[in-house]
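The sequence and the model come before the text.

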Amino acid sequence: MAELHVIANAGTLRRDIGDFAETAVALDILRTLDLVRFSDGPKMTCIAGIPGCGKTTTTKQYCKDLGRDGIYIDIASGEGTAWNFAKRLAHEWIDYAPSLGRFNTLTEARMTLSSAVGKGSLLVIDEAQHLHQRNNKNGKKTEAFEWARALAEKGEFDLVFCGDMRLPAVLDDIPQLKSRMLRPVIVTEVSRADVAALVEGTPYAIGPAVDALHSVARMAHGLRSVEIAVSAALSSATGKGEHPTLAHLKGAIIDMKLAPKGGK
């Protein structure tokens, strides 16, 4: 007989999968961001973690809640020199203040962009591990980090370096920067409680579903894989005019190739 396990109250969603969820990791990150924001004087910190642990979602949400005082940017591989980083930051204002990108030296860039970010603001640099890039002219690899610190000090704003598990090791090589990190957060795993918090308010906020989804999260891509699996399961059920069941979830996990190795 087919596995059904119809989920109670499955017809009503209290929240959408993908909405911001206050997981344990998110709350830990928010605690650090609040300390940075409400401590005297400009501060900086580091948030690092495995893929899909929620660090990007949380920092983006925090910046969104701050409005104009929160600036989020991400760095792509190859953009990591101080000069490229300055150009990337200037691009944030390209639509209404193109003159901010018209600088000829890093000193000019620091004077201009420190004012653009603004005193008392918060700048989050995501994928900050990509700032660790060798400058072919002088051979330095930490130049962009040091320039970002100088920029924040000049502008008197808070600075957050956010990235993958390579970031802590990079900062270990910059002791003058590491010593300034206020309550750094390093996330090494996605817990079952985090998965449960993510699916809370959805039809899959039940023990067996959370267990299956936690296995998915631990395999690869963390909570992102959980969102993919739940979204696919809900779409499958809706498309068939059925209430979401564990069978839909199992089918979605297999169909989306998210099953743990050896799982069916």
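## Cysteines

In this predicted model, the sulfur of C53 has its closest cysteine sulfur in C162, at 7.8 Å, which is too far for a bond. A disulfide needs the two sulfur atoms to be within 2.5 Å. A search of the whole structure gives zero disulfides.

Both cysteines lie in the interior by the accessibility criterion: C53 is buried, with a relative accessible area of 1%, and C162 is buried, with a relative accessible area of 0%.

## Aromatic pairs

The structure holds three aromatic pairs. Two of them are set out here.

| Pair | Centre to centre | Angle between planes | Geometry |
|---|---|---|---|
| W83 and F103 | 5.3 Å | 85 degrees | edge-to-face |
| F145 and F161 | 5.3 Å | 55 degrees | tilted |

The angle of 85 degrees between the planes of W83 and F103 makes that pair edge-to-face, because planes over 60 degrees apart count as such. W83 belongs to helix α3 (residues 82-90), while F103 sits in the loop between α3 and α4 (106-117). The two residues are 20 residues apart, and their pair links distant parts of the chain. W83 is partly exposed, with a relative accessible area of 32%, whereas F103 is buried at 4% relative accessibility. F103 also has a charged neighbour: K87 lies over the face of the F103 ring, at 4.6 Å from the ring centre.

The pair of F145 and F161 likewise links distant parts of the chain. F145 is in helix α5 (residues 143-155) and F161 is in strand β4 (residues 158-163), 16 residues apart. Both F145 and F161 are buried.

## Domains

How is the protein divided into domains? Domain 1 covers 24-187 and domain 2 covers 192-256. Their centres, taken over C-alpha atoms, are separated by 34 Å. Five residues from domain 1 and five residues from domain 2 take part in the contact.

The size of an interface is often given as the accessible area lost when the parts come together. Between them, domain 1 and domain 2 bury about 390 Å², with 44% of it on carbon and sulfur atoms. Which residues of domain 1 lose the most area to domain 2? They are A24, P51 and G52, which together account for 78% of what the domain 1 side buries.

Conventions. Residues numbered from 1 in each chain as written. Predicted model: local features only at pLDDT ≥ 70, side-chain atom pairs only at ≥ 80, totals over all residues. Heavy atoms only, no water. Buried < 20%, exposed > 50% of the residue type's maximum accessible area, 1.4 Å probe, protein only. Phe/Tyr/Trp six-rings, centres within 6.5 Å; stacked < 30°, edge-to-face > 60°. Helix = DSSP H or I, 4+ residues; strand = E, 2+ residues; numbered from the N terminus. Lys NZ or Arg CZ within 6 Å of the ring centre and 35° of its normal. Domains from an automatic or database assignment. Contact = heavy atoms within 4.5 Å. Buried area = accessible area lost by both parts, 1.4 Å probe.
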